[in-house]
Amino acid sequence: MNAVPQRDARTLVSLIGSLCVAGSVLVTPCLAAAYGQSGGKPTGSTVKVSLSEWKVQLTPAEVASGAVTFEVSNAGSIPHALEVEGRGLERRTAEIQPGTTAMLKVNLRAGSYEAYCPIGKGSHKMLGMMNHLIVGEAKRAAATDEEHENGEKHESEHDAAMEHGGHEHAEEHGGEPKMMKIAGGGAVIQILPGPFPFADSAMAIINDRPADQQADLTHKAHMGPYSNNVATISGDIEVTAIDRGATGDSVSGVAEFTAQDGSRWKVVMDRVQTKDIPFNPRFGGVIMGLFYHGASGVHTPLVPTIQSSLALWAFAHLYKNDRLVTDNAMVHIMLLSRTRRTSDWALDCWDCSDRPIEELQLQVTPAPNTPPFDAPGGFLFVNWEKSSGQRASL
Ligand SMILES: [Cu+2]
């Protein structure tokens with residue numbers, strides 16, 4: 001643009017300007033027009049957007065209607081993007097690499113818009129990467145919306161649900177509390193130490209992680225607990241989980257199984273874990289309807305990419321042969337899309353997110369700075385391969 005003589009540039013700008021339809025995304029040519037028409041300065045409002053794990057910060061969060069330029073920076077450690085959605089409009093940036101920026105220019109009518117990260121089939125959004133942008137006279141516009149555009153709104157919500165594989169909306173996570181009861185069924189297998197079969201795929205994700213995590217993940221890629229080294233055992237599990245949003249979740253349940261070496265283990269879950277650590281989000285301990293692991297960038301990549309109907313992080317009293325081992329064993333449970341084949345229970349897919357949700361995984365690990373369990377690899381990892389979950393009312 002700078003190299004183009006001034007008169008030619010103006011001609012070009014007005015030509016492009018006539019191609020920019022109101023309400024459409026102003027991609028590069030339209031952006032040039034907007035800049036050109038106001039003598040080199042951007043018209044409308046500017047919102048600075050900072051994306052990170054797992055939030056979207058908007059500065060400011062309220063602007064006037066008209067042209068809005070989003071200056072988006074990825075301040076996180078993994079790729080993100082920004083999508084702006086509301087009042088029939090849905091526009092997004094391309095994927096933004098950590099430490100880089102992108103720009104999105106849209107024309108917004110008065111109303112309330114969602115500004116969220118669309119990466120990971122809705123998982124980043126559910127994990128908290130969602131905020132609201134208020135444009136112009138938001139309250140009056142919102143009321144008008146409901147009166148006149150009810151049909152249109154319903155349709156777009158339906159489309160969004162289909163597009164994201166029918167997962168729960170993030171808004172719902174902070175709304176009504178939800179309860180789910182899950183029960184283990186089918187073959188029971190214990191997963192023993194061994195290498196993760198999709199280590200090469202996982203390594204691409206591991207290499208994007210901070211250095212302190214890389215060593216731990218690389219070790220686990222070789223030693224498990226995410227291996228094809230499995231033993232058929234016997235046992236039962238029943239858990240009730242309540243998701244109230246960011247805080248106040250609860251878990252109660254018991255798992256009992258006889259391990260491959262004949263020892264009898266009992267896991268009594270009575271408290272959720274609530275402390276978030278990077279890439280291992282817990283959201284108060286219980287989350288329903290999440291696409292994560294594997295290539296999603298969320299949680300460990302040493303589990304294939306999956307869809308879960310329930311994921312929880314809890315503390316448990318752990319007993320071995322009726323003797324208390326610890327009151328603070330760390331438990332992670334998922335009712336998830338099948339990851340293993342039914343012949344030899346080997347891991348069957350790097351992206352298992354489209355498989356039926358019927359595998360229940362129980363992982364029990366020692367709390368930090370406590371000794372490993374007296375079990376192969378120092379951990380307990382048991383799957384019930386044909387399990388079920390039922391949503392219940394509180
Ligand atoms: Cu994201």
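Predicted model: local features only at pLDDT ≥ 70, side-chain atom pairs only at ≥ 80, totals over all residues.
The protein has eight helices and 21 strands, and buried residues make up 41% of its 394 residues. Among the contacts with a separation of 6 or more, 65% are accounted for by residues 24 or more positions apart.

Next, select the residues of the largest nonpolar core, which has 89 residues. Those that touch the most other members are Leu 82, Val 267, Leu 312, Ala 314, Ala 316, Val 331 and Val 364. Strand E17 gives the most to this core, with nine residues. Now colour domain 1 (44-173) and domain 2 (178-392) separately: because both domains give residues to this core, it lies between them. In soluble globular proteins, nonpolar side chains tend to be buried together.

Which residues is Val 267 in contact with? Around Val 267 you will find Val 254, Ala 255, Ala 316, Leu 318, Ala 329, Val 331 and Val 364.

Then move to Lys 320, which is found in strand E17 (residues 306-320). Is Lys 320 buried, exposed or partly exposed? Lys 320 counts as partly exposed, because 17 C-beta neighbours lie inside 10 Å, while a buried residue would need 20 or more. If you do not count residues up to four places away in sequence, Lys 320 touches Ser 263, Trp 265, Val 325 and Asp 374.

For the next stop, select helix H7 (residues 199-206) together with helix H8 (residues 211-223), whose axes come within 11 Å and cross at roughly 175°. That angle makes H7 roughly antiparallel to H8. Where the two helices meet, Ala 199, Ala 202 and Ile 206 in H7 face Gln 214, Leu 217, Thr 218 and Ala 221 in H8. The residues of this contact divide into five nonpolar, two polar and no charged.

Finish with Lys 220, which has its place in helix H8. Lys 220 is buried, because 21 other C-beta atoms lie within 10 Å. Leaving aside neighbours within four places in sequence, Lys 220 is in contact with Tyr 226 and Leu 302. Lys 220 and Leu 302 are 82 residues apart in sequence, yet 7.8 Å apart in space from C-alpha to C-alpha.

Key
Residues numbered from 1 in each chain as written. Axes fitted to C-alpha atoms, helices over the stretch in contact; angles between N-to-C directions. Helix = DSSP H or I, 4+ residues; strand = E, 2+ residues; numbered from the N terminus. Parallel < 35°, antiparallel > 145°, perpendicular 65-115°, else oblique. Contact = placed C-beta atoms within 7 Å. Nonpolar A, V, L, I, M, F, W, Y, C, P; charged D, E, K, R; others polar. Buried ≥ 20, exposed ≤ 12 C-beta atoms within 10 Å, placed from the backbone. Core = buried A, V, L, I, M, F, W, Y, C linked by C-beta atoms within 7 Å. Domains from an automatic or database assignment.
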